[in-house]
Amino acid sequence: MAPFKRQHESQDADKNEQLSQRWTARGLSRRDFLRLSGAGVSAATLTALLAACGSEAAPTAAPAASTAPSAAPSTAASAAPSAAASAAPSTAASAAPGGAVSTVTRTAGTAAAGTAAAGAGGATSLPSGGKYSTIQPVGKKGGRIIEGNVTEVKTFNGMVSSDTSSAAMIAMVFNQLLGLNPDTALPFPDLATEVPTRENGGISQDGLTYTFKLRTDVKWHDGTPFTAKDVVYTYTTMQKKELGSQRTTELNDRVESITAQGDNTVVFKMKKIVAPFLTSNMYAIVPEHILKDVPADQIKAHPFSLGDAKATIGTGPFKFGSYTKGDNVTLVKNPGYFRGEPAIDQYILKVVKDGTVLAAQLKTGEVDFGEITAALYEDMTKQPNVNAVKYDTYNFNFYTYQLDTAKTDLFQEKAVRQALAYALDREAMLKAIQFGLGSSGAGTEPVLSWAYAPDQITTKYTYDPNKANQLLDGAGWVKGPDGIRAKNGKKLSFTIWGQSGSPVIDGYMASMQQLWKAIGVDCTPKNEEFSSLVARLTETYDFEMVIVGFSWGVDPDQSTMWATESYKGGFNLNKYSNPQVDTIVKQALSELDQEKRKQLYIQMQNIVADEAPSVILYFRQIPAAVNKRVHNLFPNAVSIRWNAHTWWVD
């Protein structure tokens with residue numbers, strides 16, 4: 001038997017060397033390969049990591065079409081300033097093919113939170129002069145722009161939207177009281193005539209009253225004048241729980257009343273000081289005259305929300321044209337847009353099968369604009385007809401543990417949650433699956449946030465399988481004959497849900513499954529279509545674990561995910577609850593001194609990092625491409641569509 005053993009070992013060594021060569025051929029670190037293989041990660045797992053990146057000759061990884069609930073943001077990335085599900089595409093159309101990393105610096109975003117409520121920034125005009133706000137004169141009118149996207153639009157109603165595909169279309173058709181400057185993340189007036197400040201009388205001295213003066217030249221697409229009644233209707237309806245909006249809890253917690261003073265003035269009375277109100281609570285305004293007689297619990301299913309040329313009425317630069325589910329949304333220009341007639345005639349959101357198809361259509365010109373996969377970014381920078389860029393974002397992918405004991409009690413012990421986090425080599429997965437486009441980060445704040453402080457985060461989940469094993473051993477989870485740990489007769493075995501059709505999500509789930517198996521944990525990946533997965537996350541909460549994408553807003557407030565009251569009404573998906581965190585986030589929201597706010601958010605992050613109710617796998621850096629015939633389209637991490645009326649094509 002001895003000779004056979006040596007031969008077997010030789011074969012294993014050959015296989016490992018072949019894998020190592022494939023690993024480094026993809027531009028991945030040999031050190032990471034040795035760390036994984038040396039830690040006992042199987043050749044099958046390492047092969048799965050390579051497969052997740054796509055074949056060496058022709059990478060096929062598709063973007064992780066983030067699911068999960070939204071807060072704009074794009075930032076929701078493309079529509080509203082508050083956090084939103086998933087990420088929106090971006091790229092500076094005028095940038096060089098290589099593109100500069102990071103579109104918004106932490107310095108630029110610093111004033112966005114806290115100072116607005118304190119009275120900073122009285123902008124009365126559109127952004128101008130910055131990297132993403134220097135507009136070329138329109139050289140030609142007419143034509144169309146086609147955006148490619150791998151995810152379906154779920155709704156056309158901003159009151160209930162929870163995904164970025166929907167947010168993208170909503171931002172083209174509707175307006176908000178205030179928008180966000182793509183360069184600074186500071187508010188600028190949209191439907192309002194100016195940003196409220198203490199200096200201009202828009203914010204009361206006690207910080208509890210906001211008065212918005214509205215434009216008088218705005219009409220809905222059907223010709224009906226826009227008035228303060230529309231704003232009041234939008235916000236008061238969003239405060240109704242029967243609407244089913246993920247923003248209801250936050251609005252009810254912050255806003256006492258919204259009233260109209262005549263047709264052109266709206267007054268918000270706050271329950272407390274809310275430092276980021278002007279950046280995090282601006283939403284697409286909907287038409288009262290279309291929806292006023294519709295019961296709140298029926299609005300989601302109303303033609304207005306589902307896409308109907310007569311009912312889906314906005315104030316924005318484009319009108320709703322048509323919607324073919326699973327294929328495309330067509331918008332047509334609004335000649336009566338209050339900022340001037342849009343330059344292009346049509347804007348089309350085209351649903352494509354996957355990231356590979358999207359990249360191919362960007363190359364051929366069938367699609368003008370779209371987010372591309374990390375695997376295809378380098379290839380896209382070499383294409384003569386497109387500008388390809390990559391940029392930091394507020395978006396991230398994470399997994400969350402079900403903490404509702406009525407559904408499972410597997411994750412009630414902190415030691416279990418921490419052990420699973422330590423067992424993951426997030427850096428190696430990021431390099432292998434996302435080609436290094438992103439950051440594994442520390443804490444919960446994204447790298448663009450002014451509250452990002454990795455050096456002050458005390459619990460960091462670096463790859464440490466030995467520590468993971470020690471934690472599980474100490475908690476009484478013992479490996480059985482099959483290698484799976486059990487305690488009190490119950491195995492540490494569960495299902496993790498993810499979106500179907502995404503090789504990136506598949507790659508992460510496969511890697512997590514194998515890395516957890518190495519410490520005696522049994523994880524079974526399951527995929528589900530996007531809309532069904534969103535319903536599972538935000539309506540039935542029927543999961544043990546899930547991996548999803550999300551996006552914070554430009555403000556570092558994260559109460560929508562960590563506050564107890566945000567369960568079933570926010571984006572606290574897993575019923576996490578910590579009274580100390582609740583106190584800190586409330587205190588931070590009422591603190592106008594930015595440095596004091598930052599320290600509070602560092603405290604919050606340290607508690608959340610230690611308890612690990614959810615674990616951020618990586619913050620996304622998004623690669624995207626724009627056809628060179630397109631002008632003035634500047635994708636970025638803050639607001640892509642703020643100037644859609646100025647987009648034009650050769």
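The structure is a predicted model, in which local features need pLDDT of at least 70 and side-chain atom pairs count only at pLDDT 80 or more, whereas totals for chains, interfaces and linings use all residues. Residues are numbered from 1 along each chain as its sequence is written, and side-chain values use heavy atoms, with hydrogens and water left out.

The protein contains 22 helices and 21 strands, taken as DSSP runs numbered from the N terminus (helices: H or I, at least four residues; strands: E, at least two). Of its 650 residues, 61% are buried, where buried denotes under 20% relative accessible area, exposed over 50%, and partly exposed in between (1.4 Å probe, protein chains only). The accessible surface amounts to about 22,500 Å², and carbon and sulfur atoms hold 50% of this area, as computed by the Shrake-Rupley method with a 1.4 Å probe, only the protein chains shown counting as cover for residues. Among contacts (heavy atoms within 4.5 Å) with a separation of 6 or more, 71% involve residues 24 or more positions apart.

Strand pairing, which requires at least two DSSP bridges between two strands, is illustrated by β9 (residues 346-351). Strand β1 (residues 144-149) runs parallel to β9 and is joined to it by six bridges, with R144 partnered by Q346. Strand β8 (residues 328-333) pairs with β9 in the antiparallel sense through five bridges; here T330 stands opposite I348.

Because 16 of its 16 residues are buried, β11 is largely enclosed by the rest of the structure. Twelve bridges connect β11 with strand β19 (residues 614-627) in an antiparallel arrangement, and A388 has A625 as its bridge partner in β19. Strand β18 (residues 545-551) is also antiparallel to β11, with seven bridges between them, including that of Y401 with M545.

In helix α17 (residues 465-474), the buried residues are P465, A468, N469 and L472. These residues lie on the same side of α17, because they cover an arc of only 95° around the axis, the arc being that of the directions from the helix axis to the C-beta atoms. An α-helix has 3.6 residues a turn, so residues three or four places apart point the same way. After α17 comes G476, which has a positive phi near 90°. In helix α9 (residues 248-254), T249 is buried, with a relative accessible area of 19%. Beyond its neighbours within four places in sequence, T249 contacts E565, S566, K568, G569 and G570.

Aromatic rings of Phe, Tyr and Trp (its six-membered ring) were treated as paired if their centres lie within 6.5 Å, with planes under 30 degrees apart classed as stacked, over 60 as edge-to-face and the rest as tilted. The count by this rule is 29 aromatic pairs. Y399 and Y401 form an edge-to-face pair, at 5.2 Å centre to centre and 85° between the planes, and both residues are buried. Ring pairs also link F396, F398, F550, W552, W562, F571, Y576 and F619 into a cluster. Finally, the charged end of R536 sits over the ring of W497, 3.7 Å from its centre; this assignment requires NZ of Lys or CZ of Arg within 6 Å of the ring centre and within 35 degrees of the ring normal.
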